[in-house]
Amino acid sequence: MRRTERYPVEGANSLQQVYKTVPFVKVAKNFIVIQLARYTPFLGMKNWLYRTFLRMKVGEQTSFALMVMLDVMFPEKITIGRNTVIGYNTTILAHEYLIKEYRLGEVIIGDEVLIGANTTILPGVTIGNGAIISAATLVHKDVAEGSFVGGNPMQVIYTKEEMTTRNSNPIT
């Protein structure tokens, strides 16, 4: 179950009312920072930009691949642990604007997590330490520590215990 806070709106859909929920200047600044970071090949610079200008919590040695798209409205709701890899063209959202409401939720990604390319992470999820997310996965619920998940809809491929057994039995 995703943990999001719901905010009802009246009249036009919630995206039409976006600047009632987040200041335009904040969105413009975040957009510029995110676009700069998406294209820079310097991993340390990306982390510095995210920590300094977006107020994200990003652990040491974490690597964002080229073209990662972070939530432009609420990036400060994203926390990423140390030594984690975020794959090419991954999207991490902390908001969703719907017809009659919008929702906000913290995204917490643990230490030493591997997120494959073209993955989308929805608001309000937690990804445990050591988890592996297969490429092109829609992460719509929490991912247990050490597990291997993938697909759309996301499914558990191996639990932490199954991964430990699998890794301790070398192929002969």
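Strand E1 (residues 5-8) pairs with E9 in the antiparallel sense over four bridges; strands count as paired if DSSP finds at least two bridges between them. Helices (H or I, at least four residues) and strands (E, at least two) are DSSP runs numbered from the N terminus. This is a predicted model, in which local features need pLDDT of at least 70 and side-chain atom pairs count only at pLDDT 80 or more, while totals for chains, interfaces and linings use all residues. Residues are numbered from 1 along each chain as its sequence is written, and side-chain values use heavy atoms, with hydrogens and water left out.

Three residues lie between E8 and E9 in the hairpin they form.

In H3, Lys46, Asn47, Leu49 and Tyr50 are buried (under 20% relative accessible area, 1.4 Å probe, protein chains only). Viewed down the H3 axis, the buried residues fall within an arc of 160°, so they line one face of the helix; the arc is that of the directions from the helix axis to the C-beta atoms. They pack against H2, strand E2 (57-58), strand E3 (63-64) and strand E4 (69-70). Just after H3, arginine 55 has a positive phi of about 60°.

Methionine 56 touches Tyr50, Arg51, Phe64, Leu70, Pro75, Ile78 and Ile80, leaving aside residues up to four places away in sequence; contact means heavy atoms within 4.5 Å.

Methods:
Buried means under 20% relative accessible area, exposed over 50%, partly exposed in between (1.4 Å probe, protein chains only).
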